[in-house]
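The briefing below begins with a term and then goes through the topics in turn.

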Amino acid sequence: TAWRDIAVLTSNTTQCGLYQSESQNVMAKGYCSDAQYNSETTCTEATETWHMSPAHGIAAPDCLELEWSRDNHLGNTIGGETLAYMWTLPALPTEQKCVLRMRYNISTDDYDGWNTYNEYDEDGDLLPSPITDNPNVNFGGMVGNDMRTINVQLALNTDQFGRTFQDRSHTFNIKPMPAGIPAGGQVYNLNVRGRRGNIVETYPSVEYDFMPRHLTIGSEDYVHIAWTGSLSTPAGAGQGAQNTDKSNVVCIANAGSSVPLKFDDPACTQIGRAH
């Protein structure tokens, strides 16, 4: 695969060694001339050719514990901050286009995900499945000297167990570091998340917010402001015209102010006082 692994964020860090050592960043990977076979054994048994693709020759991906977030709560973590990973872009000698792929894996503790395979199926003709669609469950028991039967039907869909979501729509260019930036200087990418409108109009997204929300920089650092709006915004959202979404960068005296300052105001020109 052409994909380079950046990071694995997981609730189970005991598997980090496996994720890192098995990454094609550091390990060669094989593939079959016929894509329906995903192992060397089945590939050669089908008289197809098994090829090897070399490792990418870069560092293994980061593997970190994912910060806590309430389920289905727009990605906010403790303190109201957004779940985030700080990625340092690779230094490239020439400009290159980059496609970012994000995968979101959903696991469940209802079965052993590392040792349950396709032999376990709901039809039961091979091995009985550990989970079934909409099962009837008796959660009764002894009440005093009586055995009570309490049957309930659970709203379970096995299609929702062990799923992987994927988004690879994020495309951008990585350019070489501009000339003139001091050796100790950094370029920080300032983006936004969300869309125009109030929380009801933007759901399941959020209202516009900077990302990162708080950025501390030094006198030799630079900020690259980069974001795009949405030209599919409905009429009335955020008191704007339909299918428009334009942004302005202004200076304010402090985080509690609503009216911007003039650009020649001293508060906008002094390092450490601009917000």
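A residue counts as buried when its relative accessible area is under 20%, as exposed when that value is over 50%, and as partly exposed in between, with a 1.4 Å probe and protein chains only. By this rule Cys251, at 6% relative accessibility, counts as buried. The model is predicted, and for this reason local features need a pLDDT of at least 70 and side-chain atom pairs count only at pLDDT 80 or more, whereas totals for chains, interfaces and linings use all residues. Residues are numbered from 1 along each chain as its sequence is written, and side-chain values use heavy atoms, with hydrogens and water left out.

**Overall form**

- The protein contains four helices and 15 strands, where helices (H or I, at least four residues) and strands (E, at least two) are DSSP runs numbered from the N terminus.
- The radius of gyration of the protein is 26 Å, whereas a compact globule of 275 residues would have one near 19 Å; the radius is taken over C-alpha atoms, and the globule rule is 2.2 Å times the number of residues to the power 0.38.
- Along its principal axes, the C-alpha trace spans about 80 × 60 × 40 Å.
- Of the contacts between residues at least 6 apart in sequence, 51% join residues at least 24 apart, a contact being heavy atoms within 4.5 Å.

**Surface and charge**

- Of the 275 residues, 13% count as buried.
- The protein exposes about 20500 Å², and carbon and sulfur atoms supply 51% of that area; accessible areas come from the Shrake-Rupley method with a 1.4 Å probe, and for residues only the protein chains shown count as cover.
- The protein has 17 positive and 32 negative charges, whose mean positions are 13 Å apart; Lys and Arg count as positive and Asp and Glu as negative, while His and the chain ends are not counted, and the place of a charge is taken as NZ of Lys, CZ of Arg, CG of Asp or CD of Glu.

**Disulfides**

- A search of the whole structure finds three disulfides, each being a pair of cysteine sulfur atoms within 2.5 Å, and with bonded cysteines counted along the chain they follow the pattern 1-4, 2-3, 5-6.
- Cys16 is joined to Cys63, with 2.1 Å from S to S, and the torsion about the S-S bond is about -75°, so this disulfide is left-handed. The pair links distant parts of the chain, 47 residues apart, with Cys16 in helix H1 (residues 16–21) and Cys63 in strand S4 (residues 62–65).
- Cys32 is joined to Cys43, with 2.1 Å from S to S, and this link is right-handed, with 80° about the S-S bond. Because Cys32 lies in strand S2 (residues 29–32) and Cys43 in helix H2 (residues 40–45), the pair ties together parts that are eleven residues apart in sequence.
- Cys251 is joined to Cys268, with 2.2 Å from S to S, and this link is left-handed, with -110° about the S-S bond. Cys251 lies in the loop between strand S15 (222–225) and helix H4 (266–269) and Cys268 lies in helix H4, so the pair ties together parts that are 17 residues apart in sequence.

**Burial of the cysteines**

- Cys32 is buried at 8%, and Cys43 is buried at 0%.
- Cys268 is buried at 17%, and Cys98 is buried at 16%.
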